[in-house]
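Trainee: Could you walk me through reading salt bridges and a helix in a model like this one?
Mentor: Gladly; let us look at it together.

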Amino acid sequence: MQNSYGLAKTEPGGSGCGANLLIHAEEKKLFMIGKIAKVTGSLILGGFVFITYEVLSLKKLLQIDTQAIHQEKLKSYVYVRTTSLNPSEYQGITYQARREIHKAVRKILETEAKIFRRPFNEQFSTFDGEDHECALWLLLKRSQSEDKEVRLQAVQDLANNSHWHDYQYGTVAQTCDQRTAIGLARSKDIDLRFFLPPPPMPKIKNDYPIEDELRLLLVSLPQTDLDPCVQYFTSLALRESSQTLAAQRGGLWCFGGNGLPYCETLSKIPSETVELFCLQALVQHSKVPSHCDKIEAKGGLQLLQRIYQLRKDSAKIQRNIIRIIGNMALDERLHSSIVRAGWVSVLAEVMKSPHVIQSSHASRALANLDRDTVKEKYPDGVYVLHPQYRSSQPIRADILFVHGLLGAAFKTWRQQDIDRHLDKKASEGEEDYSQCWPKTWLASDCPALRIISVEYDTHLSDWKAKCPVEAHRKSIAYRSNELLDKLRAAGIGDRPLVWVSHSMGGLLVKKMLVDASKNPEMDKIVNNTRGIIFYSVPHHGSQLAEYSINARYLLFPSVEVKELSKDSPALKELNDDFLSFAKDKKFSVLSFAETLPTHIGSMIKLHVVPLESAKLGIGDLIPVDVNHLNICKPRKKDAFLYQRTLKFIQDVLAQELGD
């Protein structure tokens, strides 16, 4: 039945078509909701599973094997120590309280620094950090401080660490600056793990020998307006290099002469000998500052490093190389290049050498590199015997040793040689033998002294002269001016000074003092001289000169020998000038005179400096029962010769040394 609107009317309790449509719509709605719920649940569950999987995977990736870390520490270049895994070290009330106090102190200090506009003390910048994390890095930071005292103390603290692990030394080696590395190298008993090894050198072809590289380096250096000695050594080295090339190709006959002492047919001159000639030429070039720039620019530092590593069995080659480095280190502009070429680690190692010549060459090079604690510069031929390391001991005075004819900076001042057959008891103590008693005995007895020894070439005959240049360059007058300039550069005259000389070295000392007294720029040397020791100095000439001039075997006596002629006008003038000068200055003089003859060769026995020639005219003269060579070589430390020398030094420097 329909109502007035034309719609069907449903009676109560009926089951019409409209009711069925409503039920169907509701069911469809519920079905869609269920389907959406299933899809959404699957997505959520899947996402959760995916996220969980990624988190677990990431966690697994981030897990670190401590054993692997330890292995990597040994291989890597830069190392950082990990935090301790022991909870007792970073937990607990005491630890946390200390940490909070550190933080509070740092904030107070920072605030105070800002208010009063003062620099904040850098040692508090990591004051709340872990001790084992901060110690190394804090020292490294302090070593680069602008405050010199802080910087030097930091280097000393670094050097005193002997309990670190390898990776910690490696950390310092990689991160310290040039100044710190040099300071560590000049620290006594330094651990060599503080230094990186020299950088690896590129390989060279087998058919391109080292001497060819040296020859090319020499050719690249200036060849005009050269000092005669530089020119002589350069031409000699290049000539011998050419002979080597000819010998390699075959057909070379060598008849000696001024060249290499090899007279072989169709044979090769030893490459080591040619290298030595080239290095001697480079030594002469390295004395010229502008040539040092060229050596560095042409890769000379790297080439020398290669030769040094290849010739570890040749002390002479290594000594010449370190001598070149020492000369180049006089120029501060080259310091960075020297450090980058790996020479600091080499010099630090050589400083530990038991051989005084090797260690002293390395000491000179490092002293010239160390501009933080050394204001002086040590030119070629000037060696510091003590102190060779950085020291807190203040230097009160200088002792200067000057050798004589055919002498040297080290061998002249060695302990007297022991004859095992004649003195069995002395030979038992041979392990205590001193290669240089000023470096061992005197430095031990007077640690507040700076002990310096100089070296210059001398020859009995011009036949064997290393550099046959003009005669005037070998004279005492020329050597005096040359040495005075070097000694002033080394700071001689800035402190009270005692001279110690042997043979012709005493004449040179007299000439230097007389010349210095006439030069206002050298006043300090004269005014600070406290005393002089003369060991068998021929003030009035030597019989060696008379014999040499007349002897057939010595055809061309050198200028040095001629100047020692008995009653020489030049010697008399020098002695008169010195006596006048010395009496006016009133410094102390002690002379020793030999009483035994000296064997010269296998057949000649000569009293080189008679007692009357050793007599200066002022001061004490003490005859000693030794020959000319041993007059400056005490038999042992408690021998009269050394003890009297020591007493003289202590007496004239009593004010500076205390007791």
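Predicted model: local features only at pLDDT ≥ 70, side-chain atom pairs only at ≥ 80, totals over all residues.

Trainee: Which residue forms a salt bridge with D494?
Mentor: Side chains of opposite charge can pair when their charged atoms come close. The criterion here is a side-chain nitrogen of Lys or Arg within 4 Å of a carboxyl oxygen of Asp or Glu. For D494 the partner is R488, with the closest N and O atoms 3.4 Å apart. R488 is partly exposed too, because its relative accessibility is 22%.

Trainee: How many salt bridges does a search of the whole structure find?
Mentor: The search gives 23. One of them joins the side chains of K637 and D445, at 3.4 Å from N to O. K637 sits in the loop between β9 (620-624) and α26 (640-652), and D445 in helix α18 (residues 437-445), so this pair ties together parts 192 residues apart in sequence. Helices (H or I, at least four residues) and strands (E, at least two) are DSSP runs, numbered from the N terminus.

Trainee: What about D651 and K647?
Mentor: They form a salt bridge as well, with the closest N and O atoms 2.8 Å apart. Both lie in helix α26, 4 residues apart, which means about one helical turn separates them. There is also a network of salt bridges linking E376, D398, R450 and R495.

Trainee: Which residues of α19 are buried?
Mentor: They are I476, R479, S480, L483, L484 and L487. Seen down the axis of α19, these buried residues fall within an arc of 135°, so they line one face of the helix. That arc is taken from the directions from the helix axis to the C-beta atoms.

Trainee: And what span should α19 have?
Mentor: The expected span is 1.5 Å times one less than the number of residues. For the 14 residues of α19 (residues 476-489) that gives 20 Å, and the end C-alpha atoms are 20 Å apart, which agrees. After α19 comes G491, with a positive phi near 85°.

Notes
Residues numbered from 1 in each chain as written. Heavy atoms only, no water. Buried < 20%, exposed > 50% of the residue type's maximum accessible area, 1.4 Å probe, protein only.
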